[in-house]
Structures are given as structure tokens and as C-alpha cells.
Amino acid sequence: MPPSPSRPQASIENLLMLRWGRWGRWSSVLGPSMRACLVGALLPCWLGAALAASDKAMGQAQARTEVWSGWVSWVMDGDTVVVVREGQREPVKLRIEGIDAPESCQSGGSEAREAMMVLALRKPVQVSDRGQDSYGRQIGRLSVDGVDLGAEMVRSGQAWAYSFRTGKGPYAALQRQAEKQKKGIFSTQEAAMSPALFRKFHGICHGN
């Protein structure tokens, strides 16, 4: 009995079945050895195309990021600030990427806002602007003198690491560290209610 094809070989054979219906007829004529040779020749092309597509998508994402400077004129809560861009008068309401702080009317919300005020209020900042998120909010990374403020909020237990659709986000390890050290919102024995769950039951706070 001929050996079963490897997973990459089987995947490419399946693709050939979809793209070229005659592959099934030719594969029975060629036999397992010739099929393996043909698939081996096609595999580098297959992988090269996949990597090229991935690099292109990453390059497009990086191209969408705009870095600019300004100063924080107001802190709305632990993950939302108002930034005045350098050379402009119109302020920008910025949702900090990668974190989710307690709502202002939620337990821990006032502490999170105060922590962000200490970090950012009236200070010159650098913004890595990602454009708008799926909710139409301006979103980006915020830093002061090279210090990532989103990371600082999660590290000190003042915010959760926001889970992206494609993964756990950039600050997941910092959240685990804060939980282990029982900092901020993770200091109580009872599990803190995440902002997403709070909003589900109570809605957004007045004025947000």
C-alpha cells in the first residue's frame, strides 16, 4: 500500500483539485512518487506566494500608521484622551489602542482616569495614529518620552489588555503579570468585571 501523502502535499493536491479538475485523472496516472515530485516542485511557489501576500498586508498596515506629536489637553477616562496636535487647534479624541480601562462610572474607573492624568495630562506626547477602528473612533498608541502609556496602564493594573480579533493583543503578558501581583483592578479577591461586560449590563457611562 503506498504511503499517505504528507499534509503539505495533501493540501496542494486539494488545491489542484479545486483549481484544475483534471489533476485527479493525472494523479492516478502519475502514481504516488511522481505526484510527490510534482507537489515538491510546486510547494516553494505556494509558500512564496503566501509569504508575499502576508508581507504585502503587513506593509499596508504599517503604511496606514501615522506618527505625530501633540499634547494632552484632557483625560476622559483611563483609555481615552483629548490630544491637540502640534500646529493645529482642533483637538483629537483618541482611544488608546490595545487597552480597555474601567468605565468612569464603574468601580476602578476614577483610579484609572487619575493614573492616566498623571501619565499624560498637559504633557507632550507622541501618537502612532492607526486611523479609525470598526466603531469609527480615532485609535492609536500614546507615548511620553518613548514610554508606552498603554503598556504602563496595564502593567500597573489600571486597565485590561484588549483582545484583538486576531489575537490577545500586545499587552496580554503584562496583564498576567498584574494579575499575579494583584495590582489595581486585580487586587481584590473577587474577579473584576471587564468594561465590555459592564457595558453589556449597564451601558456606557453618562458623558462618554
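Figure 1. Ser143 counts as buried, because its relative accessibility is 17% and buried means under 20% relative accessible area, whereas exposed means over 50% and partly exposed in between (1.4 Å probe, protein chains only). Leaving aside residues up to four places away in sequence, Ser143 touches Val125, Gln126, Asp148 and Leu149; a contact means heavy atoms within 4.5 Å. Residues are numbered from 1 along each chain as its sequence is written. In this predicted model, local features need pLDDT of at least 70 and side-chain atom pairs count only at pLDDT 80 or more, while totals for chains, interfaces and linings use all residues, and side-chain values use heavy atoms, with hydrogens and water left out.

**Figure 2. Pairing of strand 5 with its partner strands.** Two strands pair if DSSP finds at least two bridges between them. Strand 1 and strand 5 pair in the antiparallel sense, over 6 bridges. Within strand 5, Ser128 stands opposite Val67. The antiparallel pairing of strand 5 with strand 6 (residues 138-144) extends over 5 bridges. In strand 6, Arg141 is the bridge partner of Ser128. Strand 5 and strand 6 form a hairpin with 5 residues between them, and Gly136 in the turn has a positive phi of about 80°.

**Figure 3. The salt bridge between Asp79 and Arg95.** A salt bridge is a side-chain nitrogen of Lys or Arg within 4 Å of a carboxyl oxygen of Asp or Glu. By this rule, the count comes to 8 salt bridges. One of them joins the side chains of Asp79 and Arg95, with an N to O distance of 3.7 Å. This pair links distant parts of the chain, 16 residues apart: Asp79 lies in the loop between strand 1 (66-77) and strand 2 (80-85), and Arg95 lies in strand 3 (residues 91-96). Asp79 is buried, with a relative accessible area of 4%. Arg95 is also buried, with a relative accessible area of 8%.

Figure 4. Arg130 forms a salt bridge with Glu97, and the closest N and O atoms are 3.0 Å apart. Arg130 lies in strand 5 (residues 124-132) and Glu97 in the loop between strand 3 and strand 4 (99-100), so the pair ties together parts that are 33 residues apart in sequence. Arg130 is partly exposed, at a relative accessible area of 30%, whereas Glu97 counts as buried at 13% relative accessibility. Asp133 forms a salt bridge with Arg137, the closest N and O atoms being 2.9 Å apart. Asp133 is buried, with a relative accessible area of 18%, while Arg137 counts as partly exposed at 33% relative accessibility. Through salt bridges that share partners, Glu97, Arg130, Arg141 and Asp148 are joined into one network.

Figure 5. In helix 5 (residues 172-181), Ala172, Leu174, Gln175 and Ala178 are buried. They lie on the same side of helix 5, because they cover an arc of only 160° around the axis; the arc is that of the directions from the helix axis to the C-beta atoms. An α-helix has 3.6 residues a turn, so residues three or four places apart point the same way. On the other side of helix 5, Arg176 and Lys180 are exposed. The buried residues of helix 5 pack against helix 4 (149-155) and strand 8 (160-161). Lys182, which follows helix 5, has a positive phi near 55°.

**Figure 6. The aromatic pair of Trp160 and Phe186.** The structure holds 1 aromatic pair. The ring centres of Trp160 and Phe186 are 5.9 Å apart and the planes stand at 80°, so the pair is edge-to-face. Rings of Phe, Tyr and Trp (its six-membered ring) pair if their centres lie within 6.5 Å; planes under 30 degrees apart count as stacked, over 60 as edge-to-face and the rest as tilted. Trp160 lies in strand 8 and Phe186 in the loop between helix 5 and helix 6 (195-202), so the pair ties together parts that are 26 residues apart in sequence. Both Trp160 and Phe186 are buried.

Key: Helix = DSSP H or I, 4+ residues; strand = E, 2+ residues; numbered from the N terminus.
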